[in-house]
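Subject: Handing over the structure

Hello,

I am passing this structure on to you, with some notes on what turned up in it. Please have a look at it first, and then read on.

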Amino acid sequence: MKKVLTFLCTAGIIAGSTASYGFTIQTDKEKLTTDCKSAYLMDYNSGECVYKENEFKRVPIASVCKVMTLTLALDAVNEGKLALTDVITASENAAGMGGSQVFLGSGCQYSLDQLLKSIVVCSANDSCVAVSEAVAGGEDTFVAQMNKKASELGCNDTLFANCTGLPKEPQYSCAHDVAIMFKNLLSYENYFNYSKIWLEDFVHPDNRTTSMTNTNKLIRKYSNCDGGKTGFTNEAGFCLAATAKKDNMRLVSVVLGAESSDKRFASAINMFNYGFANYKNKIVLDKEVTLNDEFAVRGGKKNSFAVCPERNCYVFTAANASPDVTHNVVAYDVKAPIAKGQVVGKIEVYKEGVLYDTVNVVSAEDVQKAGFGDYFKNISEKWAI
């Protein structure tokens with residue numbers, strides 16, 4: 001049964017490449033529809049929800065659970081516990097996994113980089129288990145870490161039973177939690193090294209080759225999509241967590257329990273098109289533009305120095321809205337010497353009176369420490385006055 005997606009805005013929908021799915025983008029006078037158990041669409045930068053449908057309904061998510069498997073692996077890399085060049089020996093347990101796989105050889109050695117790539121591109125179950133054993137010593141311990149990480153991210157309707165998503169009770173998640181977990185995964189730059197690959201050979205140490213094709217067809221069918229994770233079991237139906245970026249706005253879309261593979265991709269495209277047509281990210285702080293007021297410094301060759309935001313700040317809003325955005329600049333008490341890029345304060349950004357974001361303020365220049373001659377010069381100038 002089709003379900004109606006109800007949105008607050010009614011602006012037109014932009015065109016998308018959906019012909020291959022037999023799906024027509026609808027006009028602003030029609031209701032957007034999706035064939036799924038639950039769905040969620042949100043802005044990546046702010047985390048603001050654009051659309052939600054049964055977002056907390058607990059359902060199986062199949063291989064979409066590998067979003068968390070990848071997260072823990074990339075956490076280990078960022079923390080220095082593992083390196084992408086590390087060699088991992090595939091255990092008999094890992095090599096024997098069924099479902100989607102790259103057919104790891106028991107006792108064969110692979111780099112962590114190879115294994116992660118195979119998980120992202122072709123959802124390799126055997127690589128997931130090999131990675132779990134490398135990160136935590138065993139899949140059971142790894143799964144406990146997956147659940148701990150989910151709790152830390154605020155995913156209260158998620159329970160993992162394995163690192164692959166293969167049927168096992170009890171395990172579940174929901175569209176809201178998947179969006180939160182996938183948003184977190186997108187913060188790892190290494191993820192995008194793999195997610196845009198369409199077709200690549202996986203070369204084994206015994207000279208075998210397994211051809212990998214990306215399960216996320218949107219990277220070929222939708223020009224703005226550069227990442228995603230699919231999932232399917234008979235129980236879960238067709239699932240997808242995907243991301244797309246247009247100009248300065250990135251969206252995260254989740255579809256769970258679709259009736260067919262085509263319908264999950266078409267539903268995601270429809271939601272992406274709606275988001276890009278009806279919302280915008282308004283830049284309110286530009287890291288390339290210095291603030292109007294300089295900051296004071298103690299003990300420097302100069303009494304003040306230029307500052308700028310550490311990063312850009314965007315406010316997510318409906319395309320036809322003009323939200324009330326204000327700033328509160330806080331200058332820290334700083335003493336020379338100061339290096340260019342050093343954090344010297346913060347800017348609190350408020351949207352409609354509510355704290356929306358906090359951005360560090362950094363020095364836009366080097367400020368040298370004052371010497372004896374500088375102090376003497378200052379005294380002389382004061383006497384001259």
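Which residues do ring pairs link into a cluster? They are Phe182, Tyr191 and Phe192. Before I say more, a word on how to read the notes: this is a predicted model, where local features need pLDDT of at least 70, side-chain atom pairs count only at pLDDT 80 or more, and totals for chains, interfaces and linings use all residues. Residues are numbered from 1 along each chain as its sequence is written, and side-chain values use heavy atoms, with hydrogens and water left out.

**Aromatic rings**

Rings of Phe, Tyr and Trp (its six-membered ring) pair if their centres lie within 6.5 Å; planes under 30 degrees apart count as stacked, over 60 as edge-to-face and the rest as tilted. Searching the whole structure gives nine aromatic pairs. One of them joins Tyr191 and Phe192, whose ring centres are 5.3 Å apart with planes at 75°, so this pair is edge-to-face. Tyr191 and Phe192 are both buried (buried is under 20% relative accessible area, exposed over 50%, partly exposed in between, with a 1.4 Å probe and protein chains only). Phe232 and Phe238 also pair: their ring centres are 4.3 Å apart and their planes are at 25°, so they are stacked. Phe238 is buried at 19% relative accessible area, whereas Phe232 is partly exposed at 40%.

**Helices**

Helices (H or I, at least four residues) and strands (E, at least two) are DSSP runs, numbered from the N terminus. The axes of helix 1 (residues 66–78) and helix 5 (residues 139–152) come within 10 Å and cross at roughly 95°. Axes here are lines fitted to C-alpha atoms, for helices over the stretch in contact, with angles from 0 to 180 degrees between N-to-C directions. The two helices are therefore roughly perpendicular (65 to 115 degrees; under 35 is roughly parallel, over 145 roughly antiparallel and the rest oblique). On the helix 1 side, Met68, Thr69, Thr71, Leu72 and Asp75 meet Phe142, Gln145, Met146, Lys149 and Ala150 of helix 5; contact means heavy atoms within 4.5 Å.

Asn184 in helix 6 (residues 175–185) is buried, with 17% relative accessible area. Neighbours within four places in sequence aside, Asn184 touches Thr71, Lys149 and Leu153.

**Strands**

Two strands pair if DSSP finds at least two bridges between them. Strand 7 (residues 199–203) and strand 8 (residues 209–213) pair in the antiparallel sense over five bridges, with Leu199 opposite Thr213. Their hairpin has five residues between the strands, and there Asn207 takes a positive phi near 75°. In strand 8, Thr210 and Met212 make up the covered face, while Thr209, Ser211 and Thr213 are on the uncovered one.

Further along, four strands form an open antiparallel sheet in the order 15-19-18-17. Strand 18 (residues 343–351) and strand 19 (residues 354–363) pair over eight bridges, in the antiparallel sense, and Lys351 stands opposite Val354.

Best wishes
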